[in-house]
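Hi,

Here is the structure I promised to pass on. Have a look at it first, and then read on for what turned up.

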Amino acid sequence: RSAQEMKHMENIASLLQGSSPGDYQRPDPKSERQAVAAPGEQPWEMIMDKKHFKLWRRPIEGTHLYQYRVFGSYTDVTPRQFFNVQLDTEYRKKWDSLVIKLDVIERDLATGSEVIHWVTHFPYPMYSRDYVYVRRYSVDKENNLMVLVSRAVEHPSVPEDPEYVRVRTYESQMVIRPHKTFDENGFDYLLTYSDNPQTVFPRYCVSWMVSSGMPDFLEKLHTAALKAKKMEIEVRDYMSAKPIESGGSEGKASMAAAEHKSDGTCSPAQLEYA
């Protein structure tokens, strides 16, 4: 599904913007919404059109929330660097000033799935939010594609903390398509995102926060990838992590046990779906 959505957006981008993202010629809003939505889907509304990315949103039926979609390109970092910087939780603590806590709670050695506890600052006067989510990633070398998906889960090791507001509805999917190879500069990416931050503010206020915060995050992510590249900051290479032979109940382990065995706890290239 991730590959299909990426292919759809690539086709739409080529129709809407010509030979390159900088040549974008915006059509009338109605035809644009119909083009971006896949057959049978609810239409998307473009709310931001920048040089390196475009941002759409659409209402989530039965709720006061929106789903967001970003399609963009970078030409000065490699797909591997961009992918690894997103996954490296220790490095993110350094480049993302909004992070209060970001820890891997549990890792499934058989699939590479990881349960993450993430606490992040929210704009004043709101309380900080915390997320418990499972993430899984895949590198499809045959189709030249990288995928990272996350969604909220419950976990007994992370009960609710009265200091934070627990976000229980959260989904994120990032698809990366190299222009050439995983180790050459240049790629397109498609980010689809939704969550329920449980604010008392009207929908348009929440939409404004997300639509202004998401570009800021992507720019910080891009800058962090550039910094890691130029300064040769050590970032874990998730593409080359060696698999651990495990099966049955031994496939799951606490972080202490997992780290004791090896830091290379999964083989993204071998995951069937992420």
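How many aromatic pairs does the structure hold? There are 14 aromatic pairs in it. Please keep in mind as you read that this is a predicted model. One of those ring pairs is formed by Tyr74 and Phe82, with 5.8 Å centre to centre and 55° between the planes, so it counts as tilted, the class for angles from 30 to 60 degrees. Both partners, Tyr74 and Phe82, are buried. Elsewhere, a cluster linked through ring pairs takes in Trp118, Tyr131, Tyr133, Tyr170 and Tyr193.

Two arginines also sit over rings. Arg57 is placed over the face of Tyr66, 4.3 Å from the ring centre. In the other case, the charged end of Arg129 lies over the ring of Phe122, at 4.9 Å from its centre.

- Strand 5 (residues 114–120) runs antiparallel to strand 6, and seven bridges join the two. Here Ile116 has Tyr133 of strand 6 as its bridge partner.
- Strand 7 (residues 145–152) is also antiparallel to strand 6, with eight bridges. Arg136 is bridged to Val149 of strand 7. The hairpin of strand 6 and strand 7 has four residues between the strands, and Asn144 takes a positive phi near 55° there.
- Strand 8 (residues 165–167) pairs with strand 6 in the parallel sense, over three bridges. In that pairing, Tyr131 has Val167 of strand 8 as its partner.

Why can we call strand 2 largely enclosed by the rest of the structure? Because six of its seven residues are buried. Strand 1 (residues 45–49) pairs with strand 2 in the antiparallel sense over four bridges, and a hairpin of three residues joins them. Within that pairing, Glu45 is bridged to Arg57, the arginine that lies over the face of Tyr66. Strand 3 (residues 66–74) is antiparallel to strand 2 too, over seven bridges, with Arg58 standing opposite Gln67. Six residues lie between strand 2 and strand 3 in their hairpin, and Gly62 in the turn has a positive phi of about 80°.

In soluble globular proteins, nonpolar side chains tend to be buried together. The largest nonpolar core here has 43 residues, and the members that touch the most others are Val70, Phe83, Val85, Tyr170, Ile176, Tyr189 and Met214. Helix 5 (residues 203–231) gives the largest share of this core, seven residues. Another core lies apart from it, with twelve residues, including Met6, Met9, Phe71 and Val147.

Which residues does Tyr189 touch, leaving out those up to four places away in sequence? They are Met6, Phe53, Val70, Phe71, Gly72, Ser73, Tyr74, Met174, Val175, Ile176 and Leu218.

Happy browsing, and best wishes

Conventions:
Residues numbered from 1 in each chain as written. Predicted model: local features only at pLDDT ≥ 70, side-chain atom pairs only at ≥ 80, totals over all residues. Heavy atoms only, no water. Pairing = 2+ DSSP bridges. Phe/Tyr/Trp six-rings, centres within 6.5 Å; stacked < 30°, edge-to-face > 60°. Buried < 20%, exposed > 50% of the residue type's maximum accessible area, 1.4 Å probe, protein only. Lys NZ or Arg CZ within 6 Å of the ring centre and 35° of its normal. Core = buried A, V, L, I, M, F, W, Y, C linked by side-chain atoms within 4.5 Å. Contact = heavy atoms within 4.5 Å.
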